[in-house]
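Student: I would like to learn how to read aromatic pairs and pockets in a model. Can we work through a case?

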Amino acid sequence: MRTIGFTSSHRDLSALLAGAAVTAGCAGAAFALLDLASPVRGPLTLFFLVAAPAAACAYWLRGLDPWAHALASVSAAVVVDLLVAQAMLALRVWSVRGGVAAVAVLSAAAFLPALARRLRHRAPRRRT
């Protein structure tokens, strides 16, 4: 009897889609930061502006069911984007490059402690 669940092909597809999403986000950030003209600059930059903060917040929201997790992550991404835009407009320093850079820095600031925490918990413990 076959069991229903994720097979290796489903896991491979998930990894492929995650890699494609990271590549698209990095390409969008590169297009915006380097001011390259391309028809895909707008959609890829918007994808980066939503995906980077959402992925950074996703670790901190574990424990929720999948739909609530996705909704909370995307909502947090929209909040980060709006706060960056509002702060830059209030300080009169608005630019597309600056906005993308600020979102990247805030996303990295949220993601790196989560990554360090995950790596610290995976590290083998020493016996003395």
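Tutor: We take the rings, then the pockets, of this predicted model.

Student: How is a pair of aromatic rings described?

Tutor: A pair of aromatic rings is described by the distance of the centres and the angle of the planes. This structure holds one such pair. Y59 and W60 form it, with 5.4 Å centre to centre and 80° between the planes. Planes over 60 degrees apart count as edge-to-face, so the pair of Y59 and W60 is edge-to-face.

Student: Is Y59 buried or exposed?

Tutor: Buried means under 20% relative accessible area. Y59 has 15% relative accessibility, so Y59 counts as buried. W60 is at 42%, so W60 counts as partly exposed.

Student: What lies over the face of Y59?

Tutor: R62 does, at 4.6 Å from the ring centre.

Student: Now the pockets. Which residues line the second largest pocket?

Tutor: Y59 and R62 are among them, along with A55, F111, A114, L115 and R118. By class, that lining has five nonpolar, no polar and two charged residues. α4 gives the largest share, four residues. The volume is about 150 Å³.

Student: How much space lies in the largest pocket?

Tutor: About 640 Å³. The lining has 21 residues, and A21, V22, A51, A52 and A55 lie nearest the centre of this pocket. α1 (8-33), α2 (41-58), α3 (66-90) and α4 (96-122) each give two or more residues to the lining. α2 gives the most, with eight.

Student: What classes of residue line the largest pocket?

Tutor: The lining has 17 nonpolar, four polar and no charged residues.

How values were computed. Residues are numbered from 1 along each chain as its sequence is written. This is a predicted model: local features need pLDDT of at least 70, side-chain atom pairs count only at pLDDT 80 or more; totals for chains, interfaces and linings use all residues. Side-chain values use heavy atoms; hydrogens and water are left out. Rings of Phe, Tyr and Trp (its six-membered ring) pair if their centres lie within 6.5 Å; planes under 30 degrees apart count as stacked, over 60 as edge-to-face and the rest as tilted. Buried means under 20% relative accessible area, exposed over 50%, partly exposed in between (1.4 Å probe, protein chains only). A charge sits over a ring if NZ of Lys or CZ of Arg is within 6 Å of the ring centre and within 35 degrees of the ring normal. On a 1 Å grid over the protein atoms alone, a cavity is a set of points where a 1.4 Å probe fits but cannot get out, and a pocket is an open set with protein on both sides within 12 Å along at least five of seven lines; lining residues have an atom within 4 Å of a point. Grid points are joined across faces, edges and corners, and a volume is the space filled by probe spheres set on the points. Ala, Val, Leu, Ile, Met, Phe, Trp, Tyr, Cys and Pro count as nonpolar, Asp, Glu, Lys and Arg as charged, and the others, Gly among them, as polar.
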